[in-house]
Every structure is written in C-alpha cells, then in structure tokens.
Amino acid sequence: MDATFFMNVISAGLLTGLVYGLMALGLSVIFGVMRVVNFAHGDMMVVAMYAAFLLYTKLGIEPVPALPLVAGGLFVVGYLLQRFLINHFLGVTEHIQFLLLLSVAMIITNVVLMVFGPDARNIQLDASFESYSLGPLVLDKVRVIAAFTAGGVAALLWAFFRYTTTGTAIRACADNPVGARVVGLNVEKLYAITFGIGTACVGAAGCLLLLLVDVHPHLSSDYTLLGFIIVILGGLGSLGGALLGGILVGLSEALSGVLIAPSLKSMFSFGLLILILLLRPQGILGKKP
Amino acid sequence: MSALLQDRRAVLLLGLLAILALAPLAAGDYMLSILITVLLQAYLGMSWNVMMGFAGQFSLGHALYVGLGAYAGGALFVHYGTPPWIGAFAGMAVSAAAGAVIGTLGFRFKVMGVYFALLTIAFAEFTRVLFDHWGWVGASSGLFLPPAPNNSPDNLWLLRGSTTMFYYVILGMTAGAFWFCRALLMRRIGYYWQAIREDQDAADALGIDVFRNKMIAVLISASMTSLGGMFLAFFNNNLYPESIFSMHRSIELMLGTIIGGIGTLFGPILGAVVLTALGEGLTILGAHIGIDGVKQIAYGICLMLILVLKPGGLWPWLRKLLRLEGDGR
Amino acid sequence: MNTAAPMPLPPMLVVENLGKSFRGLRAVNAVAFTVPRGDIVALIGPNGAGKTTTFNLIAGALPPSDGKVVLDGEDVTGLGQAAICRAGVGRTFQIVKPFAGLTVEENVMVGALRHDNGDVEKARAASRAILDLLELGDRAKDPAQTLTLPDRKRLEVAKALATRPKLLLLDEVMAGLRPVECDRMVAILTGLNRETGLTILLIEHVMRAVMALSHHVVVLHHGEKIAEGTPAEVTSHPKVLECYLGEDHE
C-alpha cells in the first residue's frame, strides 16, 4: 500500500462523494425550505435507480442521457406527494411528520420489492471497464463521468436558486413563509416545487449511482441513513454543506474501507454521526438554530 | 358512576385475561403462535410506549435493546448454560447502560426531536455492525441456542419447551407489563412524565428534575424491551445481528403503539391485535404473492391512514365509541 | 417558622445590581430592588424596558451576567428554573402553558406532587382546594385545552400556587382579560396575599391592576430602574411620566 494506492483510493472516494453530495442536496433543500425531514428519500433514489436500470435494459438509454428523464419523473412524484399529502402535515408535531414519511418509505420499498424482486441488479456499460490516467492516478471512467455530472447538476441548482425568479421566491419562503404569503407568493405551490426539486436531485443522483453500484430494494434504508449523515455533517439546509458532507463521507468510506475492514465502514459513519449530533449538530456549514 | 365505569373496565380486562389464560385448551399450536406474536408485539409496544408515549422521547432505535437483551441471554446460555432468567438481568443491565448513554448524551447535549431519533438510529446501527463482527456471539453467521431434546418436559427455568409454555410466559410478561405501566402512570412519576411530554419548559418551572425523570423513562423502557429480546432469543432459538438490531425491527415494534395510540395504556395492545390480524389476514388471502412485501405495504398504508385520520391512535376513538372512558386512559 | 427570633426575617427577595447582556446588548443594567415579605410589588415600564428579562433572571430562566438574586436570605443567583422553584418560587408564563393532554385538576397536581412525598391523593385534594380558590373548581375534570383564556390564566396561577411558593412571580397575568375578569383576578390575588401572606412580584401593563394590587411599584426603562415608590408616588413621578408609562387597557 503505497502513496499511489492511497491517492487512488482518495480520488475514488472524492468522486463518489460528489454523487453522494448530490443526493444529500435534495434532502437539504427540502429541509432548508420547509423544515421537513424526508425520511423517504433513500427510497426515491432506489426508484430512480430502477428507472434508470429499466431505461437502459429496455430502451438502451444510458444513465447520463437518461438523467433529465428520471429527474423529471421524480420531480413530478415529489411535487404531487408534497401538494397532496405532506402539505397537510407541515405544522404538526415533528414525530408525526417523520412517521408519515416513514410510511411513504415503507410503501415504496415494498412496492419496489414486489415489482423487481430482491436480487441485486446492475448495468454494465462499455465505459464501466475503462479508466482515465491522470499522472499516477487511475480513475474509473464511470466514476469521473458521474462526479462531473453531479457537480454540473449542483451548479445548475445553485444558479436556479440564485438567479431565477422562482428560485428567489423559494428562498423567500424559506426565510419567512408568512411574509412571502403577504407579498402574494403562492407558498403551497412553491413548497411543492421545492419538494419536487429535492426529489429530482435524488433522482439524478440515483441515475448516476447506478453507474457505480448494484441496486436492490433494501438499498433504500442504507442511503436514507447515509443521506442523513451527510446532511447533518454538512449542515441541514446548507447546499454547500451537503456537497462538502458528501465528499467527506465518500472519502471516509473509501479510506475506512481499506484501512479497517470494508464491512466496518458503516460503523465508522455512524460513529461520526453520533459525534456530530453531540458536538456540532448544526453541521460544518450550518447555522446555529 | 365513575366507580361503576372503573368496575366495567376492570371486569372486561379480567375477562379478557381469563379467556387468554384458557386459550391453550382450545387452540392449536398455530393459533397459539399467532397469539404469542400478538402478545410479544404488545409487550414490546408497551415498553416503547414508556419512553415515547409517557415521557415524549422519540426513539427510533429501540431494536438496540431487543438485541442486547436477546444476545445477553442467548450468549450466556450458549456459552455457560446460564438460565435465561439470570441472563435476563445481565441483558437488562446492559440495555439500561446503553439507554443511559444515549439518554445522557442526548439530554445533556440537548439533542431533541428528529435529531434525537437519528441519534437512536445511529446507536442501533452501530451496534448491529459491531455484533456482525463479534465472534463470541457468532458474528454475522448468527447465534444458535441448543433446542431441548424431543418430547422432553417443559423446562420453565431454562425456557426450553412447548409452544404452550412460551405462551404462558409471554402472557405473564405482557400482563405484568400492563399492570406495571398502569401503576407508573398513577403515581407521581406518571404525572411528571406527562408534564414533561406536554411542555418540558413548564415542567421545569414547576421544579421537576426533567433530566432525571427522562432518564428514568429511558432506563425502564430499555430494560423492559430487553426482556422481550430475551424471550425472542429463546423462542426462536436463533439470532442474527442483521435482523435483531435492524431498523426494520425498530419500526415494527413502534407500529402497534402508534396505531393503537401513543401514551395510552391499551393502545399498544389494540395496535398489536390490529397489526397481527392484518398480517395474518393477508397471509391467508394471498400466500402466493410476494408475501412479505404485501404485508409491509399494508402496514405502511395502515400507518399512513392512522396518521392522516386518527393521529391519536385507534384506542381513544374506540374508547369513546364503547363508552369505556374512566380516568382517560 | 420563627417564633421569638431575635433577628427580623429577611425580605422575601433582594435583587442587587442585576445585569444581563445579550451579545453586546445590555438588556438589564444595575437593577436593584427589594420585595418585602408579604408585600405585592409591581414591575412596570414601557415595552422593551427589560421587565421580562429581569423577571426571567429572577425566575432562573436566564442566568444573569452580573448581580445577585437573594431569596428569603438565600443566594439563588444563577440557579436554573427547577432549582429556584424548589427554593420557593412559583411563576406563571405570559403565554400560558397548560399541559394540554391533562385535565385541569391534573395540571395543578403536577405542581402539588412536590409535597407530601408525592402522594397522589393528597395532591389531588390540594389541587381541588387551589382550584376552588381560583374559582375553577367546577372545571376540575375538564381537559385543560377546553378552557377559555381567562380560565387558562387562572389555571396558570393555580399551577404555580400548587408548589406552595414563598414568592409568586406573575408575568402579565392580566393581559388579554376583560375588566371584569381583571377585577376578579385582582380580588383573588389580594385575598391570597391577605389570608396567607404570600409575597407577590408581578410584571404588568394593565395599570388598573397595578394600582389596585401593589404596595410598591418599581419602574424600569431601557433596562434600568428609574423610579420606585407607592403607586401614587410613581404615577406622579416626573421621570416616569416622561417615559411611556404603559396604556391603560380598558
């Protein structure tokens, strides 16, 4: 295990981390604007992964071109979910809201289980076997593609919130829902759009993740928890924090995978979560409540 | 009038207990194992209820205590032949210690609400992976309890025996838990817990030691749950970290109480009945469709319906319907 | 209880040089006053004067940045809410905080269970007595959330009284009450003070109540004490008249 080996492990971790970051972005956006903890986001990602899987195996569309389709589809799902179900639960006790999304998660996971069965599925692109050489580094082509696409989507999202009218309106709602209503913004619709954006992010991440891992129905709980770890690490409600958290978790996963036993890496992640919750619950880039 | 109502509830309860006590005379092993499922679900639900319903602390990682109790009793039995009733104390001690750690960290660091729930999940998952790698308890291959030789008599002390024996054990545990919870609610601590649950700040201003009372709830809840874990270990004779510490199990043990009514005495029992009936009904109806998936979907829909229509649970509604209201439990 | 004590009993509350800063903002500065045993003292002043902050410093909801709070001769500075309650202070909240899931009677029992070794039946009896005093006796078995605001305000007082405090702190207990309700509350409090010698410190905007209740008034403005005296003295004090005194909510 020399320096080159570690550099490769680190760079793989960084790249994967960007995809994780994109997934966590979705979670963070939803929480940042509506204070809803989307416990079903891992499940939505799994749905996206299966969708991407179907698009490739049935229609031959590769995940990256399929991304707009899948993300769009998940946007609609999220929009409808928020508009017709979650909206009514915005003001209620925290644990009831949490349980509601839990029930959504339960239903989605098991529908997926029934439709696709419990076995893992994966896709093999030509690119899956190729790699780029960057000096001493050997980077998997798919990983690079996934990471750059994730970065691109994140940048688009940032631009959306910064420069478009809707994006600004959403930020207004996040800061002050009552004030937003007073100036005539349709808060319900904006919330629904926000939720849709959140699930679209998760959908995009799912598409990309299919390039890197196999999909099976029980992946959802793993990624829901991973999403939370990232978002709490980086700071709930902070977009930069989600990306940063994603990268950090990707890194720590990669490193702990080689330094400690691979199966212990989730233990490491949970230990990290516990520490963060105790010491700095607002995360690295989050604001103190 | 109130005394009469009290009597009515007591009569119904005793009647129910009598019927349950006599059930093995009429019911076969299959029916008995369903009843065992209901009772265990009710027992675990009541244990969770102490922490969530009485003291208002949302634990989403209660499987931790189930697992610790199960493994403590199971491993001690497998390695040293320790009788389960002794091993149970070890289990309760370990679970209470785990609860103490979670509670102290959570309450001292002011981790509340959703964050607290995530903290509990993190601890449960951490422990799951830990046990997956711990050779002494069998790691991920699991721990297996030696079954009693065929046709040997029921051994209550070692918990090796027939379904009927296990039935009476869990019936006793559940009845005991019910009586215990009722007693707690009627004493000072019950009032303090409810005050803390309703408004922690106001409780603090009334001189209540919030931290201490929350911790007591956690310790009691953790210990009670671990006993249920021990029962599971000896009833199933096998243990896997994947299944006993899983989030799936944490969710499962909460569902009954949520459906029945968090914070009520009868809620967990009613919820257990509803869930098991639903599960068995589905098993009978659709044995050929991917059965596990359908059951979970049904549970998910059930949960959603309750949250949307009757977030307080079915028991308060049923209680009103049957006009069984006594002191509001 | 002292019988033939050579030394006089200390005042119920002594506030010395009390101060509180919030990130550079000096909310309360060098506030000092005394609440004699068995008296009713009102803390008044315009909005933003620092009354609520001072109140919370005394009640233990906030730790002071400087100064001392001495309750019945005992230094309670910096102790938390629960400890100060155990030392003998009962407080109400301006935005009332009933225990919604409990009945009226149970709400009061929570406080009463501090005494008699937590005996539930004795607490119930004590609770009944207090509810009767606060004219809520007939609502004892009703869920607390069904109470109207004036009733909730009286429940709030009942809860605080259940802990058998030496000093009762009332935070704008008249706010939102109609004059009739206000007079009723004044009568209850005056009666309580007269019968049991309970010392009361209240923040109030409703001058009608302040004039009727208090033996002594302390005026705060911009976080500092600007005047004190009897109600009559204070309402004719030039400094007090100068600043916004507080509307008469008729």
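**A loop in chain C, and onwards**

Modeller: Happy to. Let's start with Glu135(C), which sits in the loop between helix H4 (120-133) and helix H5 (149-161) of chain C. Keep in mind that this is a predicted model.

Colleague: What is the phi of Glu135(C)?

Modeller: Phi of Glu135(C) is positive, about 60°, although the residue is not a glycine.

Colleague: And is Glu135(C) buried or partly exposed?

Modeller: Glu135(C) counts as partly exposed, because 15 C-beta neighbours lie inside 10 Å.

Colleague: Where is Glu172(C), then?

Modeller: Glu172(C) is in the loop between strand E7 (167-171) and helix H6 (179-196) of chain C. Its phi is near 45°, again a positive value in a residue other than glycine. Glu172(C) is buried, since 20 other C-beta atoms lie within 10 Å, and 20 is the number at which a residue counts as buried.

Colleague: Nice. What does chain C touch chain B with?

Modeller: On the chain C side there are 21 residues, and they are in contact with 17 residues of chain B. Helix H2 (81-87) and helix H3 (104-112) of chain C each supply at least two residues of that side. By class, the side of chain C that touches chain B has ten nonpolar, five polar and six charged residues.

Colleague: How far apart are chain A and chain C?

Modeller: Their closest C-alpha atoms lie 14 Å apart, and no contact joins the two chains.

Colleague: Which chains have the most contacts between them?

Modeller: Chains A and B do, among the two pairs of chains that touch. That contact takes 29 residues from chain A and 33 residues from chain B. On the chain B side, helix H5 (113-132), helix H11 (247-260) and helix H13 (291-309) each supply at least two residues. H5(B) gives the largest share of that side, 14 residues.

Colleague: What kinds of residues are on that side of chain B?

Modeller: The side of chain B that touches chain A has 25 nonpolar residues, along with six polar and two charged ones.

Colleague: Switching to whole chains: what is chain B built from?

Modeller: Chain B has 14 helices and two strands. The C-alpha trace of chain B spans about 55 × 50 × 40 Å along its principal axes. Its radius of gyration is 20 Å, which agrees with the value near 20 Å for a compact globule of 329 residues. Of those 329 residues, 50% count as buried. Of the contacts in chain B between residues at least 6 apart in sequence, 76% join residues at least 24 apart.

Colleague: Which residues have the most contacts inside the largest nonpolar core?

Modeller: Val19(A), Leu22(A), Ala48(A) and Ala205(A) do, in a core of 281 residues. Helix H1 (residues 3-34) of chain A gives the most to this core, 15 residues.

Colleague: What is Ala48(A) in contact with?

Modeller: Beyond its neighbours within four places in sequence, Ala48(A) is in contact with residues including Val70(A), Leu74(A), Val202(A) and Cys207(A). Two glycines, Gly203(A) and Gly206(A), are also among its contacts.

Colleague: Last one: where is Gly237(A)?

Modeller: Gly237(A) lies in the loop between helix H9 (219-234) and helix H10 (239-259) of chain A. Gly237(A) counts as buried, because 23 C-beta neighbours lie inside 10 Å.

Definitions and conventions. Residues numbered from 1 in each chain as written. Chains lettered and ligands numbered in written order. Predicted model: local features only at pLDDT ≥ 70, side-chain atom pairs only at ≥ 80, totals over all residues. Helix = DSSP H or I, 4+ residues; strand = E, 2+ residues; numbered from the N terminus. Rg over C-alpha atoms; globule rule 2.2 N^0.38 Å. Buried ≥ 20, exposed ≤ 12 C-beta atoms within 10 Å, placed from the backbone. Contact = placed C-beta atoms within 7 Å. Core = buried A, V, L, I, M, F, W, Y, C linked by C-beta atoms within 7 Å. Nonpolar A, V, L, I, M, F, W, Y, C, P; charged D, E, K, R; others polar.
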